Amino acid sequence: MNSKYLVLLSGGQDSVTCLLDLISKVNKKDICAILFLYDSQVKQCVERAKNICKNLQIEHKIFDLSVLSELSNHNIVSARNLFFLAAATLYAKNNGFNKIVIGLSKDDYECYNDCKKKFIDDANKLFDYAFETNIEILSPLLNLTKKEIWALADSLGKLDFVYNNTYSCWENKEKECGECFSCKLKEKSYNEYIKTKSNKN
């Protein structure tokens, strides 16, 4: 059986680089990107993800999970990756996918429990049992920092593509605000990588 991959795509640096890395290794026809709407403040992320998939000629599915924000009464949903992966596993099981790819990074797992290796390992076991399936959850960037993910994008010849087309801002404005934590982390890690690259040259 050929592997078929379902990639969680948010439109941000990590998930897009994850998708690009996968495209470099497997046939595009075996890849589908999936995005979950979990609050009303993600319009720009959705548009970026749509445009990226159109540009890369990748199938793209979008599902509404905004009930999560209602349940939490906040647009910050605790353990949201648990919900996303459960929903993705359900979709994967019923649509012939046997691999789920999520773009977690080392910088994420230092802050959030649902971004750690233990979480992914436990989720694999839990979902195998609960869904009665053997769909594998992969997190190929888990041991990479944001700076190292820029290096990976560059090695794929996609550094400018990722920098110019991804969206990491918390403000949901047309252009990234450059002031929120996520924007600052994106810019800081990018500049650190460019500096390292320049020093090597």
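This is a predicted model: local features need pLDDT of at least 70, side-chain atom pairs count only at pLDDT 80 or more; totals for chains, interfaces and linings use all residues.
Residues are numbered from 1 along each chain as its sequence is written, and side-chain values use heavy atoms, with hydrogens and water left out.

**Stop 1: α2**

Select residues 43-56, which form helix α2. Helices here are DSSP runs of H or I with at least four residues, strands are runs of E with at least two, and both are numbered from the N terminus. (The expected span is 1.5 Å times one less than the number of residues.)

Now colour Q44, C45, V46, R48, A49, I52, C53 and L56: these are the buried residues of α2. Buried means under 20% relative accessible area, exposed over 50%, and partly exposed in between, using a 1.4 Å probe and protein chains only. What do they pack against? Show α1, β2 (31-37), β3 and α8.

**Stop 2: two loop residues**

Step on to Q57, in the loop between α2 and β3 (59-64). Its phi is near 60°, a positive value in a residue other than glycine. Q57 counts as exposed, because its relative accessibility is 64%.

Next, jump to E132, in the loop between α6 (117-130) and β5 (136-138). E132 also has a positive phi, near 50°, and is exposed at 70% relative accessible area.

**Stop 3: α9**

Select residues 181-200 for helix α9, with 20 residues and 29 Å from first C-alpha to last, close to the 28 Å expected. S182, C183, K186, S189, Y190 and Y193 are buried. Why do they sit on the same side of α9? They cover an arc of only 145° around the axis, taken from the directions from the helix axis to the C-beta atoms. Turn to the other side of α9 and you'll find K188, K195 and N199 exposed. The buried residues pack against α1, α7 and α8 (159-165).

**Stop 4: α1 and α7**

Finally, show α1 (13-23) with α7 (146-155): they pack at an angle of about 35°, axes 10 Å apart. Axes are lines fitted to C-alpha atoms, for helices over the stretch in contact, and angles run from 0 to 180 degrees between N-to-C directions. Pick out Q13, D14, T17 and D21 in α1, which meet K146, I149, W150, L152 and A153 in α7. Contact means heavy atoms within 4.5 Å.
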